[in-house]
Amino acid sequence: MREAKLEHGVISYSAGISACEKGGQWQQALVLLSEMREEKLELDVIFSCNAATSACEKGEHWQLALALFSEMREAKLEPNVTFSYSAGISACEKGEQWQRALALLSEMWETKLEPNVISYNAVISACEKGEQWQRALALLSEMWEAKLEPDL
């Protein structure tokens with residue numbers, strides 16, 4: 001019975017955090033994530049941490065997004081390409097942190113995760129904002145080599 005209640009709690013919190021992310025309510029997403037920790041509910045990578053990271057990224061609080069990404073790794077939660085790294089790299093892009101965006105892309109390769117179009121787009125955009133056009137062109141070439149078709 002307790003396990004069912006705990007699972008229901010995680011699902012409810014995760015859904016709430018996801019709704020906050022979609023609604024641009026990054027502060028409330030962080031509150032809910034904090035409450036999950038206080039309740040000692042197991043954090044779910046995809047729904048809880050990624051949604052909170054994405055909410056901070058969308059709210060243009062790249063430092064918070066990267067801090068959450070780091071916490072996720074420290075908690076031994078496995079980041080994934082689609083949500084975790086893409087949100088982290090997008091946060092770097094919004095914060096004009098092209099070096100950090102490149103570092104996260106490199107880390108993806110080191111951990112045997114293949115970057116996707118979203119990841120590359122965010123790193124290329126970060127390089128563009130940092131006036132690193134040579135790096136942006138090199139990344140575009142890398143996308144073609146990886147058989148990823150660039151989009152607009």
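Read along the sequence, the chain of this predicted model follows the pattern α-α-α-α-α-α-α-α. It holds eight helices and zero strands. Of the 152 residues in the chain, 45% are buried. Among contacts between residues at least 6 apart in sequence, 58% join residues at least 24 apart.

**Helix 6 and helix 7**

Helix 6 covers residues 98–110 and helix 7 covers residues 117–129; their axes come within 8 Å and cross at roughly 150°. Angles over 145 degrees count as roughly antiparallel, and helix 6 and helix 7 are therefore roughly antiparallel to each other. The crossing of these two helices is left-handed. The residues that make the contact are listed below by helix.

| Helix | Residues in the contact |
|---|---|
| Helix 6 | Trp98, Ala101, Leu102, Leu105, Met108, Trp109 |
| Helix 7 | Ser119, Tyr120, Val123, Ala126, Cys127 |

By class, the residues of this contact comprise ten nonpolar, one polar and no charged.

**Gln97**

Gln97 is found in the loop between helix 5 (81–94) and helix 6. Buried means under 20% relative accessible area; Gln97 has 19% relative accessibility and therefore counts as buried. A polar atom of the Gln97 side chain lies 3.1 Å from the backbone oxygen of Gly95. When residues up to four places away in sequence are not counted, Gln97 touches Trp62 and Cys92.

Notes:
Residues numbered from 1 in each chain as written. Predicted model: local features only at pLDDT ≥ 70, side-chain atom pairs only at ≥ 80, totals over all residues. Heavy atoms only, no water. Axes fitted to C-alpha atoms, helices over the stretch in contact; angles between N-to-C directions. Helix = DSSP H or I, 4+ residues; strand = E, 2+ residues; numbered from the N terminus. Parallel < 35°, antiparallel > 145°, perpendicular 65-115°, else oblique. Left-handed = near helix turned anticlockwise from the far one by under 90°. Contact = heavy atoms within 4.5 Å. Nonpolar A, V, L, I, M, F, W, Y, C, P; charged D, E, K, R; others polar. Buried < 20%, exposed > 50% of the residue type's maximum accessible area, 1.4 Å probe, protein only. Polar contact = N/O pair within 3.5 Å; in protein donor to acceptor, adjacent residues only side chain to side chain.
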